[in-house]
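Here is a short note to read beside the structure. Take the points in order, and keep the view open as you go.

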Amino acid sequence: MKKPKILVIHGPNLNMLGKREPEIYGSMTLDEINKGLKELGDQLNLEVETFQSNHEGAIVDKIQKAFGKCRSVIINPAAYTHTSIAIRDALLLLDVPIIEIHLSNIYKREVFRHKSFVSDIAAAQLTGFGHMGYKMALKAVAEIINHAAP
């Protein structure tokens, strides 16, 4: 039986995790986060695909290609959280649970970071848990999928 596919999307500058403002974002690299997600996915009987881009259009393209192919999307839109209607519109194409994640608590930061163009269309939002938030989101998705009708 084929494992349900979960797409994890990382937005701009997340490829610099571990180097960029570690006091805010932590010291774990994106490769380490992705490796941990894939290992947890195996334990949860999920196929985890990860994708990172600094380019809005590439993220939109990836979301569009996920149509009909994934059971959930976990997305950290990063700076695009506060600016991208294009990513929001692409996510609206999908009829799957969307989990929005942020390493830092965006509501304890600059005021411009308090507005998310994704939060009102997401099934849930996790902020401020650092790298652990990704695993929390994946575990939640597994529960959602396991309790959803086929």
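1. A definition comes first. Two strands count as paired if DSSP finds at least two bridges between them. Keep in mind that the model is predicted.

2. In general, strands of a sheet pair through backbone hydrogen bonds, either parallel or antiparallel.

3. Now look at one pairing in detail. Strand 4 (residues 98-102) and strand 5 run parallel and are joined by 4 bridges. For example, Glu100 has Gln125 in strand 5 as its bridge partner.

4. Next, the annotated residues. The UniProt annotation "active site", from an unreviewed entry, covers Tyr25 and His102. They are spread over 78 residues of sequence, yet they cluster in space, with a largest C-alpha distance of 9.3 Å. The lining of the largest pocket includes both Tyr25 and His102.

5. Take Tyr25. This residue lies in helix 1 (residues 22-25). Is Tyr25 buried or exposed? Buried means under 20% relative accessible area. Tyr25 has 11% relative accessibility, so it counts as buried. Beyond its neighbours within four places in sequence, Tyr25 is in contact with Leu17, Arg20, Leu103, Ser104 and Arg109.

6. Then His102. This residue sits in strand 4. Its relative accessible area is 4%, so His102 is buried. Leaving out residues up to four places away in sequence, His102 touches several residues, including Asn76, Pro77, Ala78 and Thr81. Gln125, Leu126, Thr127, Gly128 and Phe129 are also among the residues that His102 touches.

7. Last, Arg20. Where does Arg20 lie? Arg20 is in the loop between strand 1 and helix 1. With a relative accessible area of 25%, Arg20 is partly exposed. Setting aside neighbours within four places in sequence, Arg20 is in contact with Asn13 and Tyr25. Arg20 and Arg113 are 93 residues apart along the chain, and their C-alpha atoms are separated by 17 Å.

Technical notes: Residues numbered from 1 in each chain as written. Predicted model: local features only at pLDDT ≥ 70, side-chain atom pairs only at ≥ 80, totals over all residues. Heavy atoms only, no water. Helix = DSSP H or I, 4+ residues; strand = E, 2+ residues; numbered from the N terminus. UniProt positions renumbered as here; feature names shortened; annotations may be inferred. 1 Å grid on protein atoms, 1.4 Å probe; cavity = no way out; pocket = protein on both sides within 12 Å on 5 of 7 lines; lining within 4 Å. Buried < 20%, exposed > 50% of the residue type's maximum accessible area, 1.4 Å probe, protein only. Contact = heavy atoms within 4.5 Å.
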